[in-house]
Every structure is written in C-alpha cells, then in structure tokens.
Amino acid sequence: MKNKLNIKLLDKLSIENLQIIKSEAELNLEDLSSSEDIITNKSNTLFQVLVVIFTTIVGYLVSQINSFDIKSILIQISIVLCIVFGFVLFLLIKVIYPNKVALKGASPNNLIQDFLFNKKSDKSQTKQILRNRVYSLNIAIESNKENLKNRVRLFDWANKSILIGLIIVLIYSAIYFFTLPS
C-alpha cells in the first residue's frame, strides 16, 4: 500500500469530519467498482469476438490438414493469427477472471474492538467506530486501485498485442505479394 493512512490524524478528527471522510471514501470505492465493471465488460466483449475469430481460424487450419502446405500464405497468416489471438485470449482471461477485491463494507471485527468498550461515552465509541470504518475503507480503496491498475495494464497489453499482430500480418502479406514473381 503506497498511501498508508495516519491513524493518529484520524484520532484528532471530530465525528462530523470522520463522517465526511467516510462518505467520500465510500464514493471513491463505488467509482473504483464501476471502473472495474467497465474494464470487465470491455474485456468480455473483446474476448467473445476473439473466440469466434480464433475458432474460425483454427477450423480453417484443421480443414487444411490433409493438404497442409506451410508455404501457403493463408496457412502462415493463420498460424500467426492463432498465436496472437491465443496470447490475447490468455490476457483477457486474466482480466475477466474474478480477482480478489475489497468489499464496500467492513467486517465487524474491524469495527468493534476491545478498547472501544473501555471508553466511557457513546460519542467516543462512535468516533472510534468511524475511525476504524475510514481506515477499513482506505485499505479497500488502495487494494482495489492496485487491482484496477493491473487489470487495465493487461487490457492495454491485449489491445496492443492485437494491433501489433495485425500490423505484422499486413507487412508480411505486403512483402509476400510484392515479391511474387510476375
């Protein structure tokens, strides 16, 4: 965790300020959750499209098994695209697969601790519970930020891999067709 929350500063805040910080932290956590949903949906859509294309290419290669000619440009391009799309599908599975995320709520053992009951006033207990809640939210936010960062990085790699693979196929095809004997 990069931004460790200073507990001593939380202890100095009033209940009203802790409630403001808590509500802002909850909004931040909701935004992170929404961003993760967007990345998951985009990855899922791309995954579905690539599975269809990948299956089609593999089907073509299987249909050519009896007359498999590695010198054929279509076979070569199909093999390259299978490798590229297979790699991209692997990346997308890592993005789509459920990741360990911190939830919006806090478990009771994080909120209620023995020292709370040593306090005399209810106001003091409320302040400590709010402090623990803000602390728990901070841990959840930092955890989810890191998770989102990794998922976005993998999604970017998947998109860049597709682009690089298609560029390689286009360049290879252009070289092949321009070097054909007339």
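Predicted model: local features only at pLDDT ≥ 70, side-chain atom pairs only at ≥ 80, totals over all residues.
View 1. Of the 182 residues, 29% are buried (under 20% relative accessible area; exposed is over 50%, and partly exposed is in between). Residues are numbered from 1 along each chain as its sequence is written, and side-chain values use heavy atoms, leaving out hydrogens and water. Local features need pLDDT of at least 70 and side-chain atom pairs count only at pLDDT 80 or more, while totals for chains, interfaces and linings use all residues.

View 2. Helices (H or I, at least four residues) and strands (E, at least two) are DSSP runs, numbered from the N terminus. Take the contacts (heavy atoms within 4.5 Å) between residues at least 6 apart in sequence: 81% of them join residues at least 24 apart.

**View 3. The largest nonpolar core.** A nonpolar core is a set of buried Ala, Val, Leu, Ile, Met, Phe, Trp, Tyr and Cys residues joined through side-chain atoms within 4.5 Å. The largest one has 29 residues, and Leu50, Phe85, Val88 and Leu92 have the most contacts inside it. At least two residues of this core come from each of α2 (15-63), α3 (73-96) and α5 (122-178). Its largest share, 12 residues, is supplied by α3. Setting aside residues up to four places away in sequence, Val88 touches Leu50, Ala158, Ser161 and Ile162. Another core, of 5 residues, lies apart from this one and includes Leu10, Ile15, Leu130 and Val134.

**View 4. Where α2 meets α3.** Two packed helices are described by the angle between their axes and the distance between the axes. For α2 and α3, the angle is about 150 degrees and the axes are 9 Å apart. Axes are lines fitted to C-alpha atoms, for helices over the stretch in contact, with angles running from 0 to 180 degrees between N-to-C directions. The two helices, α2 and α3, are therefore roughly antiparallel to each other (over 145 degrees).

**View 5. Val51 and its distance to Leu89.** Val51 lies in helix α2 and, at 31% relative accessibility, counts as partly exposed. Val51 and Leu89 are 38 residues apart along the chain, and 7.6 Å separates their C-alpha atoms.

Note on methods: Buried < 20%, exposed > 50% of the residue type's maximum accessible area, 1.4 Å probe, protein only. Parallel < 35°, antiparallel > 145°, perpendicular 65-115°, else oblique.
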